[in-house]
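Q: I am new to this structure. Could you show me how to read it, one feature at a time?

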Amino acid sequence: MDNHNLVLFFLLLFISSEIRAQQQDKDEPFVGVNIGTDVTNLLPAADLVAFLQLQKITHVRLYDADGDILRALAKTKIRVIVSVPNNQLLAIGSSNATAATWIGRNVAAYYPETLISGVAVGDEVLTTIPTSAPLLMPAIESLYSALVAANLHTKIKISTPNSASIILDPFPPSQAFFNQSLTPVLTQLLQFCSRTQSPLMMNLYPYYVFMQNKGVVPLENSLFKPLTPSKEMVDPNTLLHYTNVLDAMLDSVYFSMKNLNVTDVVVLVSETGWPSKGDSKEPYATIDNADTYNSNLIKHVFDRSGTPLHPEITSNVYLYELFNEDLRSPPISEANWGLFYGNSTPVYLLHISGSGSFLANDTTNRTYCVAVDGLDGKTLQTALDWACGPGRANCSEIQPGQSCYQPNNVKGHASYAFDSYYQKQGKFAGSCDFKGAAMITTTDPSHGSCIFPGSKSVSNKTSQVVNSTHVSGGGGRVRIGSFHLTTISAFGNYDVHQLLYGVVCCLFYYLFL
């Protein structure tokens with residue numbers, strides 16, 4: 001191969017790899033948020049969008065098509081799903097002209113300046129207002145026809161959010177099936193989704209599964225907590241192991257669709273979450289549980305592990321919800337699903353350490369796990385052995401000659417190992433216990449050149465010596481920036497297209513001049 005052909009070969013290889021990288025980035029799963037507006041003194045639209053941008057939130061779902069919010073979203077990179085409220089289904093499902101007018105006023109009038117990505121038609125129509133079920137598909141088809149007329153049907157998808165209760169006998173997932181009374185409508189809906197490559201929207205709440213099956217479904221399974229094999233749920237028909245309730249719910253949807261001979265429709269989780277406060281009948285609606293569920297959910301999505309049935313498919317997810325809707329009717333939990341209060345202060349601080357930053361609110365909550373004072377050495381050694389062994393803590397820094405070997409005593413080594421395990425587990429309650437040998441502290445235990453895993457400076461230290469796709473800090477990494485996994489090119493912040501243009505120009509000069 002002569003020099004010219006060799007250069008051309010490597011150029012084509014380079015271009016191909018960059019295109020694949022961009023396509024992969026485009027297909028990355030995301031976590032978005034639902035924005036309910038039953039909030040006292042809701043932020044004005046412009047301030048709301050500024051808040052979304054500040055928090056780097058890239059995907060939102062509205063429960064209507066609020067014109068002020070849609071205008072404020074113009075020329076931002078935030079993608080939005082607009083919704084047809086249930087009380088408008090009758091008019092839209094009965095008139096093609098009304099559907100066309102709705103699309104014109106609420107979609108076409110704003111797109112493409114506002115990045116409308118989907119239309120949600122109603123909300124849990126089949127279960128909350130079953131008398132309107134006959135209108136659902138006519139409304140969806142009419143709205144889709146209006147999108148086709150506006151040449152927007154390939155850019156904006158249409159679906160309808162469904163309650164998990166449309167599925168009967170959801171566990172084991174392989175035995176799940178849709179409520180047969182809803183089969184006629186669901187068959188039409190799934191055929192529409194298949195034909196238009198639209199997702200099936202599902203509102204999936206492990207919280208309600210747990211509350212309705214206490215004693216059967218462990219809390220750990222509902223919260224994505226690490227499980228011993230004995231606590232994993234096993235489908236006896238497929239022998240698939242389920243480590244969390246949400247994956248089981250997702251697979252129950254896929255098995256239900258398969259029973260209707262539909263296998264090419266993906267599930268979009270249009271709502272999921274956990275309340276942070278409840279009344280006396282809702283003792284598990286707590287800040288700790290809400291934090292644990294949402295933090296673990298976010299990490300689960302960005303891990304791209306899919307479900308046991310479909311490990312190749314990771315569903316996009318919209319958290320319920322951005323703000324506590326304090327104007328909602330009882331029970332108390334109804335007003336306490338938000339990540340933030342109406343004044344935009346966080347209800348709790350999400351913990352997704354090891355996956356980057358989320359809502360820019362994790363760096364203010366520095367906590368560490370250290371050995372308790374006064375404990376006997378034998379107990380500490382047992383806990384240390386577990387942390388460095390089955391617990392898979394990073395104990396390399398407490399080996400002889402390493403930065404945290406001194407002081408060479410079991411308490412110092414145990415503190416480092418405990419903190420490593422605690423940080424790897426996302427700093428969740430229960431991960432700093434070791435049968436009473438450990439405690440949580442806000443005092444940084446780092447000393448001298450020994451930097452503890454939970455220390456702020458560890459990310460700076462790591463970024464200087466490691467170029468990895470799994471570290472937090474520095475360039476050349478995959479980081480979670482506000483719900484969206486973004487690949488940072490090895491060429492820094494240069495636009496890839498500009499880079500390719502420069503390479504082509506150089507090649508042209510080399511070959512022909």
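Q: Is N34 buried or exposed?
A: This is a predicted model, and the answer is read from relative accessible area. Buried means under 20%. N34 has a relative accessible area of 0%, so N34 is buried.

Q: Where does N34 sit, and which residues does N34 touch?
A: N34 belongs to strand β1, residues 31–35. Setting aside residues up to four places away in sequence, N34 touches R61, Y63, S270, E271, Y318, L319, Y320, E321 and L322. N34 and V60 are 26 residues apart along the chain, while 5.7 Å separates their C-alpha atoms.

Q: How many helices and strands does the protein have?
A: There are 16 helices and 18 strands.

Q: What share of the residues is buried?
A: The protein has 513 residues, and 47% of them are buried. The accessible surface comes to about 24,300 Å². Carbon and sulfur atoms hold 55% of that surface.

Q: What share of the contacts joins residues 24 or more positions apart?
A: Count the contacts with a separation of 6 or more. Residues 24 or more positions apart account for 69% of these.

Q: How do I read a pair of packed helices?
A: Two packed helices are described by the angle between their axes and the distance between the axes. Take helix α7, residues 133–149, and helix α8, residues 183–196. Their axes lie 9 Å apart, and the packing angle is about 15 degrees. Angles under 35 degrees count as roughly parallel, so α7 is roughly parallel to α8. Handedness is one further reading: the crossing of α7 and α8 is left-handed.

Q: Which residues make the contact between α7 and α8?
A: From α7 come A133, L136, M137, I140, E141 and Y144. From α8 come V185, Q188, L189, F192, R195 and T196. Sorted by class, the contact of α7 with α8 has eight nonpolar, two polar and two charged residues.

Q: At what angle do α5 and α7 cross?
A: Helix α5 covers residues 96–108. The axes of α5 and α7 cross at roughly 55 degrees and come within 8 Å. The two helices are therefore oblique to each other. The crossing of α5 past α7 is right-handed.

Q: Which residues of α5 and α7 meet there?
A: On the α5 side they are N96, A99, A100, W102, I103 and V107. On the α7 side they are S142, L143, A146 and L147. The classes in the contact of α5 with α7 are eight nonpolar, two polar and no charged.

Q: Which residues does A146 touch?
A: A146 lies in helix α7. Leaving out residues up to four places away in sequence, A146 touches A99, A100 and I103. A146 and A100 are 46 residues apart in sequence, yet 4.9 Å apart in space, C-alpha to C-alpha.

Q: Let me try one more. Where is S256, and is S256 buried or exposed?
A: S256 is in helix α11, residues 245–259. At 1% relative accessibility, S256 counts as buried. Apart from neighbours within four places in sequence, S256 is in contact with I167, A176, F177 and F178.

Methods:
Residues numbered from 1 in each chain as written. Predicted model: local features only at pLDDT ≥ 70, side-chain atom pairs only at ≥ 80, totals over all residues. Heavy atoms only, no water. Helix = DSSP H or I, 4+ residues; strand = E, 2+ residues; numbered from the N terminus. Buried < 20%, exposed > 50% of the residue type's maximum accessible area, 1.4 Å probe, protein only. Contact = heavy atoms within 4.5 Å. Areas by Shrake-Rupley, 256 points an atom, 1.4 Å probe, with all protein chains shown as cover. Axes fitted to C-alpha atoms, helices over the stretch in contact; angles between N-to-C directions. Parallel < 35°, antiparallel > 145°, perpendicular 65-115°, else oblique. Left-handed = near helix turned anticlockwise from the far one by under 90°. Nonpolar A, V, L, I, M, F, W, Y, C, P; charged D, E, K, R; others polar.
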